[in-house]
Amino acid sequence: MIFIFFRNLFRDLRRQPLRTSMTLSGVGWGTFAVVLLLAFGSAVGRQNMISFRGVGQGFVIAFPASTTLPYQGLPKGRLVRLTPEQVTLTGRKVPGIKRMAFEFTASRPIRYGREDVLNTVRGVPVEYGDIRNIIAGKGRYLNDTDMALKRRVCVLGNTVTENLFHKEEAVGRAILIEGIPYTVVGVMKKKIQTSNFSGQPDEHCAFIPWTTYSAIFGDKYIGSLIFQPGNPAASKRITRLVREDLGNRAGFSPDDKDALFVWDWTEVERSFSIFFLAFNIFLGVIGAFTLLVGGVGVASIMLVVVEERTKEIGIKLAVGAKRRHILWQFFAESLTIVLFGGGLGFLCAALVLRAIPVEKIKDYVGIPEINPAVGIVTILILLTIGIVSGLMPARKAASTNPIEALRK
Amino acid sequence: MIEMENINKVYKMGEVSLDALKEVSLSIEPGEFISIMGPSGSGKSTLLNIIGCLDTPTSGSYFLEEKNVAGLSLDQLSAVRNRKIGFVFQNFNLLPYATTYENVELPMLFNGKSGKKRRQRVIELLEMVGLVNRQLHRPSELSGGEQQRVAIARALANDPAMILADEPTGNLDSKTGVEIMGLFVRLQQQGRTILMVTHDTNIAAYSQRTINLLDGRII
């Protein structure tokens, strides 16, 4: 019985090869477009998120500037100066802060052998690396002992390492910063960083313990402070608390927005995620509409098929076919076209994704792939379209009046 | 076999209504061979459609083998057609893309008969109508008489008690028509009830009783 069902199904499809292949290719093309759009969309979103997080993850950065409001008898226009101790205390006092860090920054000559560069040197605490996603690819990152002993050690960005050392192994060697030797203890793992602040991107920087920086260069006041709220959604509230606490310590009004220039990266990250979500929904909708056009094609062709086969339906009804027999016959035909065309489109998309030279585009659009989400969304869209486009003609077929059908 | 009482059939076309059948009462015994005659528009086909459960009467009662079929749903009527009634049409109404074998098998696909039983029955019927060697031919490869024999074999697929034929010889030459009528006579001798609509008095002569219709009434 099932064999006969499928034999008739495929015979019906084969009877109109051109029509079948046109409808198949309509659905196939739609699926192809949906899969590629979704695969690229999600890859671009993912990759941008990775690049975006190159600068760090869910943090707030604040630059001390000068006051614009008088505070406790002090006039406006004073420079705000923050010490590492003040910042550290604030980090401990304000609830909800996961990590608090700060940095001293300046461009300084760095030298190894005959190579000489003028790059950004950052004096930082241990927590800084975690906030800014500075991960040692070789060797290690700075640790508490480095801080406590004011060691002359450094972690180098991967690009500055290449510029200074070329193919040579850097870890364990000594470089000169402002003519003073530092041991390279680690080289930063390559990361994609599309945003930055004060100084060069991390791949060009040298990171040294802030205690060493302060002792050698004599800096007392930090260039910027940076903290990670435990819950990114609470960043606004925590930022206000940090402002109040630092204001008390350093003498500026918490309402003086310009005294501390704050850049809330969590907010940017949020709008960035929303943008990419919207972007993917947009692509999905475009894809779904492309597929919908294919589905409309199937539905209208099937309506014509039902019209053409009215007599056949009449004969079947006369010899005792029930409505569900007729319904299934046409429904199965539409569904077969949609699923088969969808399968073909899926396959083509998978082949194209395979043929793409991923290495060349990886840094910009990521690795487009058919992940489970893409697969499930496509299959759901296909099934919906198959059912909708199949049901209407099938219901029309099943409601045929046998007497009128036989008269044709 | 059939008890019809006061059957009316009204077709509504917009504002105008047309009485296709008026107060038709009819009784048919099992094994009868009956012709229905009458001019065009007299209601022959409407009557045949109602008897054949393709259509339902507007009012009146219709008992088929002691079962009231006037109030059945469309799918229930399909089941009645499938098991109790075999149709033979003037223009054969075979599926054009299907083989002789598949055309005869068709009614059995709708009542869940097993593959083995279907095969046996198709061969048995094709032997009876003398078309075993034509089982893989399509209707377009058969003569009119052969097509009508396929249609008769199909009508007999589920071994119905009643055969309804609408001008079964209308598209055939007279010699072939006689052959087909020979088949109907044989079927009647086997105990089947046969109802046949015809214009042709020569064809009607094969039956035992003739019902004449005029303007929707039996006269």
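Chain A exposes about 19,400 Å², and carbon and sulfur atoms supply 63% of that area (Shrake-Rupley method with a 1.4 Å probe; for residues, only the protein chains shown count as cover). Before we go further, note that this is a predicted model, where local features need pLDDT of at least 70, side-chain atom pairs count only at pLDDT 80 or more, and totals for chains, interfaces and linings use all residues. Residues are numbered from 1 along each chain as its sequence is written, chains are lettered from A and ligands numbered from 1 in the order in which they are written, and side-chain values use heavy atoms, with hydrogens and water left out.

Let us stay with chain A for its overall build. It holds 14 helices and ten strands (DSSP runs numbered from the N terminus: H or I of at least four residues for helices, E of at least two for strands). Its radius of gyration is 33 Å, well over the 22 Å that the globule rule gives for 408 residues, so chain A is more spread out than a compact globule (taken over C-alpha atoms; the rule is 2.2 Å times the number of residues to the power 0.38). Along the principal axes, the C-alpha atoms fill a box of roughly 105 × 55 × 30 Å. Even so, buried residues make up 50% of the 408 (buried means under 20% relative accessible area, exposed over 50%, partly exposed in between, with a 1.4 Å probe and protein chains only).

Now zoom in on A:Glu103, which is found in strand S2 (residues 97-112) of chain A. At 0% relative accessibility, A:Glu103 counts as buried. Its side chain makes a polar contact with the side chain of A:Arg122 at 2.7 Å (a pair of N or O atoms within 3.5 Å; within protein, one must be able to donate a hydrogen and the other to accept it, and residues adjacent in sequence count only if both atoms are side-chain atoms). Leaving out residues up to four places away in sequence, A:Glu103 also touches others, including A:Tyr128, A:Phe197 and A:Ile222 (contact means heavy atoms within 4.5 Å).

B:Lys9 lies in strand S1 (residues 2-13) of chain B and is buried, with a relative accessible area of 9%. The side chain of B:Lys9 reaches the backbone oxygen of B:Thr56 at 2.8 Å. Among the residues that B:Lys9 touches are B:Thr46 and B:Ile50, and both of these are buried residues in H1(B). Seven of the eight residues of this helix (residues 44-51) are buried, so helix H1 of chain B is largely enclosed by the rest of the structure. H1(B) is followed by B:Cys53, whose phi is positive, near 60°.
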